[in-house]
Amino acid sequence: MKGLVIKNTGNAYIVRTEDGQDVECRAKGNFRLKGIRSTSPVVVGDKVRIDHNVDNVSYITEIFERKNYIVRRASNLSKLAHILAANIDQALLFVTVKSPITSTVFIDRFLATAEAYRVPVCIVFNKIDLYDKDDMDYVDALINLYQTIGYTCQKASLTENIGMQELKDTIQDKVSLLAGHSGVGKSLFINVVTGDKNKRKVGDISTYHQTGKHTTTFSEMIEIIGGGFIIDTPGIKGFGTVNMEKEEVSHYFREIFKISSKCFYNDCKHINEPGCAVIDAVENHYISESRYHSYLNILEDIDEGKYR
């Protein structure tokens, strides 16, 4: 019997079968993904085959080929990968410039990983009702930056119903992954687009650290009103990149990759090499300093084997 993994509970998986039943299953077998050592062999969004045994226990026996997935480093100390979800049409990255603050390094790490695994991203700048003029000027500058690179950006205030219809149109009839720090508005968004039956607890913001408090523990795929699914993921404090070779990182920064063809050396790392077109573009403001800083930040992780 075939089905779709819609929830990971930590110890088991909920699989929705082709006839619409939700079945609790366990994984059977040693599933591997192109050499990546992951925290869980089966993830939300996986298309799988399940079998029932004589004791009426259901097992996932096969994972069908994934069209894509998105992955991050599992923890500060672990070298394991944590795959957030598979078979995604797009990711919605929720960003706030205060309450809590989302850094450009975090944004760029997520975008680079999504680029590496072929997941389109829409950046949602939420909580604009809380921002003063300086905050809005910063948001507009970020939107100009990321739209120039080629990313879709949307402004929103879910509490004031600003930009909500545009977001509903964006996710209609698609499988959309929600990502971002805790406290950026993902749970409220889910409550609006899925109805009361999937009501999520909306987290508070820590006034001391201005960070969100986790309200989601495991990833889950939820059906939305009018068609489509959203995949809710636990809030992410940091986004450690996984399985990137140093020479590949520039490929996942669109503007750096485009200009790198003009570098004097074919294997230029864009750090301090003579004749580097990328460094020249940064100095002349054709590539933003924040994006270049994020690029170097990922290279440092690869060099030192650390996670930020």
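**Figure 1. Lining of the largest cavity in the predicted model.** Asn8, Ser40, Val42, Val43, Val44, His82, Ile83, Leu84 and Ser219 line the largest cavity. This cavity holds about 50 Å³ of space, and the structure has one cavity of 30 Å³ or more. Five of the lining residues are nonpolar and four are polar, with no charged residues. Strand 7 (residues 81-86) gives the most to the lining, with three residues.

**Figure 2. Hairpin of strand 14 and strand 15.** Strand 14 (residues 220-223) and strand 15 (residues 229-232) run antiparallel and are joined by four bridges. Glutamate 220 has aspartate 232, in strand 15, as its bridge partner. Five residues lie between the two strands of the hairpin, in which glycine 226 takes a positive phi near 95 degrees.

**Figure 3. Burial of helix 1.** Helix 1 is largely enclosed by the rest of the structure, because 11 of its 13 residues are buried, each with under 20% relative accessible area. The buried residues are Thr104, Val105, Phe106, Ile107, Asp108, Arg109, Phe110, Leu111, Ala112, Thr113 and Ala114.

**Figure 4. Span and end of helix 1.** Helix 1 covers residues 104-116, and its end C-alpha atoms are 18 Å apart. This agrees with the 18 Å that its 13 residues should span at 1.5 Å a residue. Just after the helix, arginine 118 takes a positive phi of about 60 degrees.

Notes: Residues numbered from 1 in each chain as written. Predicted model: local features only at pLDDT ≥ 70, side-chain atom pairs only at ≥ 80, totals over all residues. Heavy atoms only, no water. 1 Å grid on protein atoms, 1.4 Å probe; cavity = no way out; pocket = protein on both sides within 12 Å on 5 of 7 lines; lining within 4 Å. Points joined across faces, edges and corners; volume = space filled by probe spheres on them. Nonpolar A, V, L, I, M, F, W, Y, C, P; charged D, E, K, R; others polar. Pairing = 2+ DSSP bridges. Expected span 1.5 Å × (residues − 1). Buried < 20%, exposed > 50% of the residue type's maximum accessible area, 1.4 Å probe, protein only.
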